[in-house]
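Thanks for coming. I will walk through one structure this morning, so please have the sequence and the model open.

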Amino acid sequence: MRAVLFGFLLAAVAPQEAPEWKSIEPGLVLAFPADHGAHPAYQTEWWYLTGQLEDESGARFGFQFTVFRRGLQPGAPRAKESPLRARQVFAGHLALTDVARAETRFAERLQRNSPLARAAEGELEVVLEDWSLRRGARDELRLVAADPERAFGFELALRPAKPLVLHGAGGYSQKGGAAGNASAYVSWTRLALEGTLVLDGAERNVHGAAWFDHEFGSSVLPEGTDGWDWFGLQLDQPDGRELMLFVLRDARGEPIEASAATLVERDGRARALGRADFTLIPGASGPETRWTSPKTGATYPARWTIVIPEAELRLELAPLVSDCELVSRTTAISYWEGPVAVTGSATGRGYAELTGYAGSLSGRF
């Protein structure tokens, strides 16, 4: 479960009721590379990269790059419709967490569909102004994105170390009991990363590991979902597994039954886990287990324990930097997204995304 998607558009753009949008249904069949591309028949879609990297001196960083697509009106353009009419909107988020400085820099963009904002159908090629993410030979991803005003940017090559993972049942990721409360969800859970980071005018060679998510659908969340906690974890050798886990929370903060996870074995085999197969324990109250944002006043968990008895995993998670809250003007949603360290029955690294703590997302998408 990813993405802070376009809840803002429900209020800012107020699209018409659109029963024509396609829904993700059981029996979904995905084909690649075609399904890496855009799916304009569905209302909501995003492409997401997160990862941890370090430079030649050993300085550590986390990064996030996301492009969200939101359809405003389904179907083909109507007769005599203006070619300038916006039928899709693209938003982009770009963030860098500097571990040594304990700071996070955040840039964002918003554009209607145009030559400046587009996502190809049938192939992974997403462009938002001068930001781009493209798939090349042998599934290598190329990311180019920078923000001169905030003085950081990336040019990265990312190569899958394991096969593509289809979450849920062949990519069908159910989020609730009602028809259509589902998304198509796929990931590369371990990407070897190398390239350059430009920070405050200085270029650094960097290497590390990243995670890629692509998700699309039309009616993703059930009513009464306040937010979610999502984790993408990469465990060190000799374990060598990855774990995707999301917990959807109701108004009381309790997990919704559709919460789920995927455990990826060392050889790339993926196993879907249901709500009963794992436990997520957020940190208790206290200065080290919760963090309160000085910008929004929201209080987020800052420690977690994940227990998966069948896989003999008990993982302890802690943020590398406390302040990874992203306050978005383009989406009018604030959320926490940042790098975490993993200890416990295995060590490793990963990313966490926490939504709904700075205001409920119920009914927003």
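In which strand is threonine 196 found? Threonine 196 is found in strand E12. Before going on, note that this is a predicted model. Threonine 196 is buried, with a relative accessible area of 17%; the cut-off for buried is under 20%. Leaving aside residues up to four places away in sequence, threonine 196 touches Gly153, Phe154, Glu155 and Leu156, and also Glu203, Arg204, Asn205 and Val206.

Next, the cores. The largest nonpolar core has 34 residues. Those with the most contacts inside it are Leu49, Phe63, Phe65, Leu141, Leu143, Leu158 and Phe212. Strand E12, residues 182-199, gives the largest share of this core, 5 residues. Take leucine 158 as an example. With residues up to four places away in sequence not counted, its contacts include Leu49, Phe63, Leu141, Leu143 and Leu191. Asp139 and Glu140 are also among the residues that leucine 158 touches. Apart from this core lies another, of 30 residues, among them Ala298, Leu313, Leu317 and Trp336.

Now some strands. What does E2 pair with? On one side of the list is strand E1, residues 44-55, which pairs with E2 in the antiparallel sense over 11 bridges. E1 and E2 form a hairpin with 4 residues between them, and glycine 58 in the turn has a positive phi of about 95°. E2 is also joined by 11 bridges to strand E3, residues 88-98, and these two run antiparallel.

Last, the aromatic rings. How many aromatic pairs does the structure hold? The structure holds 11. In one of them, the rings of tyrosine 300 and tyrosine 357 have their centres 5.5 Å apart and their planes at 55°, so the pair is tilted. Tyrosine 300 lies in strand E20 and tyrosine 357 in the segment after strand E25, so the pair ties together parts that are 57 residues apart in sequence. Tyrosine 300 is buried, with a relative accessible area of 1%. The ring of tyrosine 357 has the charged end of arginine 249 over it, 3.9 Å from the ring centre. Elsewhere, ring pairs link Phe63, Phe152 and Phe154 into a cluster.

Conventions:
Residues numbered from 1 in each chain as written. Predicted model: local features only at pLDDT ≥ 70, side-chain atom pairs only at ≥ 80, totals over all residues. Heavy atoms only, no water. Core = buried A, V, L, I, M, F, W, Y, C linked by side-chain atoms within 4.5 Å. Buried < 20%, exposed > 50% of the residue type's maximum accessible area, 1.4 Å probe, protein only. Contact = heavy atoms within 4.5 Å. Phe/Tyr/Trp six-rings, centres within 6.5 Å; stacked < 30°, edge-to-face > 60°. Lys NZ or Arg CZ within 6 Å of the ring centre and 35° of its normal. Pairing = 2+ DSSP bridges.
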